[in-house]
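Reader: I am new to this structure. Please show me how to read its features, one at a time.

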Amino acid sequence: MLLVGALPAAAVSGFARAVAVFSVTLVLSARLPRCVLSKALTSPYPRSRIERSHVPEDKVSWLVEWKDYNPVEYTAVSILAGPSWADPQINDKDFSPKFNERDGEVERRSLNGLYMVENGRPRNPVGRTGLTGRGLLGRWGPNHAADPVVTRWKRDGSGNKVAHPVTGKNILQFVAIKRRDCGEWAIPGGMVDPGEKISATLKREFEEEALNSLQKSPEEKAELEKQLHKLFREEHFVVYRGYVDDPRNTDNAWMETEAVNYHDETGEALDNLPLEAGDDAGKVKWVDISEKLKLYANHSYFIKLVTERWEAHWTEEPECQE
């Protein structure tokens, strides 16, 4: 038996990190749904003609040995051009990222814990995607986003809550946007800027995508701020924090998010809110929530968690009795 105490300090540190990464992989495998990589395995890769290498379901996990794994390397030209919000290429002589740490203003820690770094590249903690490089993502490793789930109760002309005719549960509505890049309906949200607090990102993204604040005058922005102040200061709950099954994910870069629900119980804060699509959104509207919704990435799962929190209508199927 090899005793950890007999190893040099550096070796112990490396051993402990390897055990931690292995543990995180096991936890993610157990906690996330089996289809967690379904959208990150689809081809062609978004906004390209790049086809991923096929990854069978039983070979997705890094815990399964696959010596013949031969993923396609791809990083979009727009990322290689070096926009200010993106990392340089991994072999750039002036680029020395501190993975699994807070790297200056850039958050390189994962919401799911430690991740492995092989040959200088971070490894997707959930599994193989058939594609290496960064694709359309700016950061090597985790790319952090924030998704504000803004909800209210559906009401009739008299202001009474509307219940579903089958389940008798009240119907919840949320603000949805139609993404310009793929045409899918989604929760408004976007990337966390370096050094930005999640709470600021959530509010900013809602204003930009659902209220078109970038095109408003200073006076109009001030009025919007006044209307939103109460909503974003009220009690809220974190719906989800962690890895997102996103079609842009690769073996070396992946999306993570913090989805937070802001609920207007009385409807007073949101009734007169002037919804207007802006920034990355093509359309915006209030949407009735049910299991029939087909949304971008993991967003349907986030919405389901919100309905459970408020005991709202979700499905017409009878609930399983334990």
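**Charges, rings and cores**

Author: Start with a charge and a ring. Arg179 lies over the face of Tyr296, 3.9 Å from the ring centre. A charge counts as over a ring if NZ of Lys or CZ of Arg is within 6 Å of the ring centre and within 35 degrees of the ring normal. The charged end of Arg309 also sits over a ring, that of Trp310, at 4.2 Å from its centre.

Reader: What kind of model is this?

Author: This is a predicted model: local features need pLDDT of at least 70, side-chain atom pairs count only at pLDDT 80 or more, and totals for chains, interfaces and linings use all residues. Residues are numbered from 1 along each chain as its sequence is written, and side-chain values use heavy atoms, with hydrogens and water left out.

Reader: How many aromatic pairs does the structure hold?

Author: A pair of aromatic rings is described by the distance of the centres and the angle of the planes. Rings of Phe, Tyr and Trp (its six-membered ring) pair if their centres lie within 6.5 Å; planes under 30 degrees apart are stacked, over 60 edge-to-face, the rest tilted. The structure holds ten such pairs. One of them, Trp62 with Tyr69, is edge-to-face, at 6.2 Å centre to centre and 80 degrees between the planes.

Reader: Why is the pair of Trp66 and Tyr69 tilted?

Author: The ring centres of Trp66 and Tyr69 are 5.0 Å apart and their planes are at 35 degrees, so the pair is tilted. Ring pairs link Trp62, Trp66 and Tyr69 into a cluster.

Reader: Is Tyr69 buried or exposed?

Author: Buried means under 20% relative accessible area, exposed over 50%, partly exposed in between (1.4 Å probe, protein chains only). Tyr69 counts as buried because its relative accessibility is 16%. Trp62 is buried too.

Reader: Which residues have the most contacts inside the largest nonpolar core?

Author: A nonpolar core is a set of buried Ala, Val, Leu, Ile, Met, Phe, Trp, Tyr and Cys residues joined through side-chain atoms within 4.5 Å. The largest has 60 residues, and Val150, Phe174, Phe206, Leu231 and Ile303 have the most contacts inside it.

Reader: What does Phe206 touch?

Author: Contact means heavy atoms within 4.5 Å. Not counting residues up to four places away in sequence, Phe206 touches Pro148, Val150, Val175, Pro188, Leu211, Leu228, Phe232 and Leu273. Apart from this core lies another, of seven residues, including Tyr74 and Leu131.
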